[in-house]
Number of protein chains: 2
Amino acid sequence: MEKINIMINGLPGNVAQKMVRFAIADDRFNLVPFSLTGQDIQDNTVTIDKIVIELVRPDSRDEKTRHIFSLFPFFICIDFTHPSAVNANALYYVQNKIPFVMGTTGGDRKQLEDLVKNGSVPAVIAPNMAKQIVGFQAMMEYAANTFPGLFKGYSLQVVESHQKGKADTSGTARAMVGYFNKLGIDFDADHIQMIRDPEVQEKEWGIPKEHLGGHGWHTYTLKAEDGSALFEFKHNINGRDIYVSGTFDAVLFLKQKLDKPDLSQKLYTMIDVLNGK
Amino acid sequence: MEKINIMINGLPGNVAQKMVRFAIADDRFNLVPFSLTGQDIQDNTVTIDKIVIELVRPDSRDEKTRHIFSLFPFFICIDFTHPSAVNANALYYVQNKIPFVMGTTGGDRKQLEDLVKNGSVPAVIAPNMAKQIVGFQAMMEYAANTFPGLFKGYSLQVVESHQKGKADTSGTARAMVGYFNKLGIDFDADHIQMIRDPEVQEKEWGIPKEHLGGHGWHTYTLKAEDGSALFEFKHNINGRDIYVSGTFDAVLFLKQKLDKPDLSQKLYTMIDVLNGK
């Protein structure tokens with residue numbers, strides 16, 4: 001099979017670095033050695049596994065793009081940049097007709113979606129690239145829509161643990177609370193318990209030391225008022241490897257779409273990638 | 001609202017007794033003080049909360065039924081009897097045109113379903129009357145059909161705890177394993193771990209002492225090979241109260257169906273009750 005050229009934007013960010021490292025080791029891909037970065041980044045290059053990748057700041061972006069296209073007439077972008085860059089980057093991809101997979105959260109999502117829908121290149125946009133979590137969310141959404149009120153009278157406890165630096169509540173936990181609400185449970189997302197203390201994480205929760213700096217553990221516990229029933233759902237992610245494989249699956253999905261002559265739909269989510277349709 | 005006459009069969013069995021106790025206290029129902037029982041039962045009556053219920057053995061069944069119908073022209077049966085009575089009881093209900101809710105497992109299920117489908121009275125038949133568990137199973141089935149292979153490469157551990165007397169593996173756990181297989185996990189239902197030791201149940205699992213004689217705790221743990229992800233699902237039921245409310249919901253559902261002039265479908269499951277359609 002022909003290798004797919006991919007450009008990974010967001011270096012020198014951690015997630016982008018991890019993506020690059022996996023991409024280099026993955027036979028299905030050919031890394032385009034350039035990466036869009038922020039205007040404030042000082043370095044001109046990043047070297048990963050002996051491969052030198054040139055950082056492209058917004059002010060030299062257009063010029064560099066012509067050069068990249070002369071080397072690689074076709075490539076797909078992977079975007080794990082900064083929330084503040086979401087809309088500008090998407091505009092750049094659409095204007096330059098570069099298909100893209102975007103895992104970056106934040107920005108004006110409505111504007112982002114409209115831009116892609118009205119553009120001429122397809123994109124997979126998802127706030128969570130972990131396929132199994134996306135699948136689990138889809139299950140919960142199905143239940144919420146199919147059996148509203150199923151857990152009426154149950155109480156809910158939500159605890160989530162993430163690395164110390166993460167200030168906001170888990171977006172996944174918030175989305176999940178929405179489904180539980182539909183299932184009949186009265187619960188305010190502000191009551192989600194956030195664990196951010198590495199000592200508690202390691203000693204009480206048993207989160208592996210090497211993942212204290214990057215993890216997402218979630219537990220949802222539902223209890224019947226009379227103590228007759230308890231339901232519990234957990235999804236614990238260590239590190240960020242799981243996001244890499246989901247992202248790469250999204251790239252393969254996009255490539256498949258591009259190989260089809262008719263491509264009326266432009267905007268895809270991870271649910272589409274999971275469905276493979 | 002008019003009270004619904006219900007006859008609860010399977011006395012003096014534990015589950016039937018519990019159903020009777022709840023029915024007596026429930027304003028929506030009027031208990032028909034008769035109960036089908038096995039030929040080997042010696043007692044002629046059972047007294048529950050000061051209400052005397054006459055036991056009806058197969059050899060006097062037809063005669064007694066005429067008498068019951070003279071007292072109660074319309075009633076719905078609830079069947080929590082014995083696996084060996086499943087098909088004979090169903091035949092009795094259909095021949096006497098008595099709508100019924102059957103929670104009894106075992107018997108020839110295909111024959112049972114065909115009988116109801118070809119009969120003229122509707123029935124709700126379900127091996128599990130706990131609505132939330134049925135809903136959770138439906139979620140898993142949805143995921144298995146929608147995202148086959150989602151958990152490919154994951155390992156599975158299934159542990160279930162039930163009262164000491166239960167010899168076979170949990171049917172719910174077995175059904176769940178079928179869904180996990182479709183989700184890409186190679187796991188044989190024979191590897192389900194069964195906990196039946198009351199000491200282990202109380203000390204290691206924290207199952208309340210008063211529920212050692214009647215509980216169903218299930219834990220399904222999925223792990224990614226590389227340790228990057230863990231998903232866990234639990235459903236722990238203490239006692240049998242949860243089955244009562246599901247059964248009563250099924251009775252109300254049947255009554256609703258009977259009130260409609262056109263009733264082409266005869267056989268319903270708890271999923272239909274949950275959907276309320």
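Analyst: Lys255(A) and Asp259(A) are joined by a salt bridge, in which the closest N and O atoms lie 3.1 Å apart; the term requires a side-chain nitrogen of Lys or Arg within 4 Å of a carboxyl oxygen of Asp or Glu. The model is predicted, so local features need pLDDT of at least 70 and side-chain atom pairs count only at pLDDT 80 or more, while totals for chains, interfaces and linings use all residues. Residues are numbered from 1 along each chain as its sequence is written, chains are lettered from A and ligands numbered from 1 in the order in which they are written, and side-chain values use heavy atoms, with hydrogens and water left out.

In this pair, Asp259(A) counts as exposed, at 53% relative accessibility. Here buried stands for under 20% relative accessible area, exposed for over 50%, and partly exposed for what lies in between (1.4 Å probe, protein chains only).

Over all chains, the structure holds 22 salt bridges. One of them brings together the side chains of Asp241(A) and Lys18(A), at 2.9 Å from N to O. Distant parts of the chain are linked by this pair, since Asp241(A) belongs to helix α8 of chain A and Lys18(A) to helix α1 of chain A, 223 residues apart. Helices (H or I, at least four residues) and strands (E, at least two) are taken as DSSP runs and numbered from the N terminus. Asp241(A) is partly exposed, with a relative accessible area of 27%, and Lys18(A) is likewise partly exposed, at 25%.

Another salt bridge connects Asp190(A) with Arg174(A), whose closest N and O atoms are 3.7 Å apart. Because Asp190(A) sits in the loop between α6 (171–182) and β10 (193–195) of chain A, and Arg174(A) in helix α6 of chain A, the pair ties together parts that are 16 residues apart in sequence. Asp190(A) is exposed, at 59% relative accessibility, whereas Arg174(A) is partly exposed, at 38%.

Between chain B and chain A the count of salt bridges is zero. The contact takes 31 residues from chain B and 31 residues from chain A, where contact means heavy atoms within 4.5 Å. The area buried between chain B and chain A is about 2800 Å², and carbon and sulfur atoms give 67% of this area. Gln132(B), Met139(B) and Phe147(B) supply 22% of the area that chain B buries against chain A, more than any other three residues. Buried area is the accessible area (1.4 Å probe) that two parts lose on being put together, summed over both.

Lys266(A) lies in the loop between α8 (241–258) and β13 (267–268) of chain A. Lys266(A) is buried, with a relative accessible area of 13%. Leaving aside residues up to four places away in sequence, Lys266(A) touches Val116(A), Lys117(A), Gly119(A), Ser120(A), Val121(A), Pro122(A) and Ala123(A). Asp26(A), in the loop between α1 and β2 (29–31) of chain A, is also buried, at 15%. Asp26(A) and Gly119(A) are 93 residues apart in sequence and 30 Å apart in space, C-alpha to C-alpha.

The loop between β4 (45–48) and β5 (51–56) of chain A holds Asp49(A), and Lys50(A) lies in the loop between β4 and β5 as well. Asp49(A) has a positive phi near 50 degrees, although not a glycine, and is partly exposed at 46%. Lys50(A), also not a glycine, has a positive phi of about 70 degrees and is exposed at 83%.

Finally, a helix pair of chain A deserves mention. Helix α3 (residues 86–95) of chain A packs against helix α4 (residues 109–117) of chain A at an angle of about 5 degrees, with the axes 10 Å apart. Therefore α3(A) is roughly parallel to α4(A), the word being used for angles under 35 degrees. Val86(A), Asn87(A), Ala90(A), Leu91(A) and Val94(A) of α3(A) meet Arg109(A), Gln111(A), Leu112(A) and Leu115(A) of α4(A).

Note on methods
Axes are lines fitted to C-alpha atoms, for helices over the stretch in contact, and angles run from 0 to 180 degrees between N-to-C directions. Angles under 35 degrees count as roughly parallel, over 145 as roughly antiparallel, 65 to 115 as roughly perpendicular and the rest as oblique.
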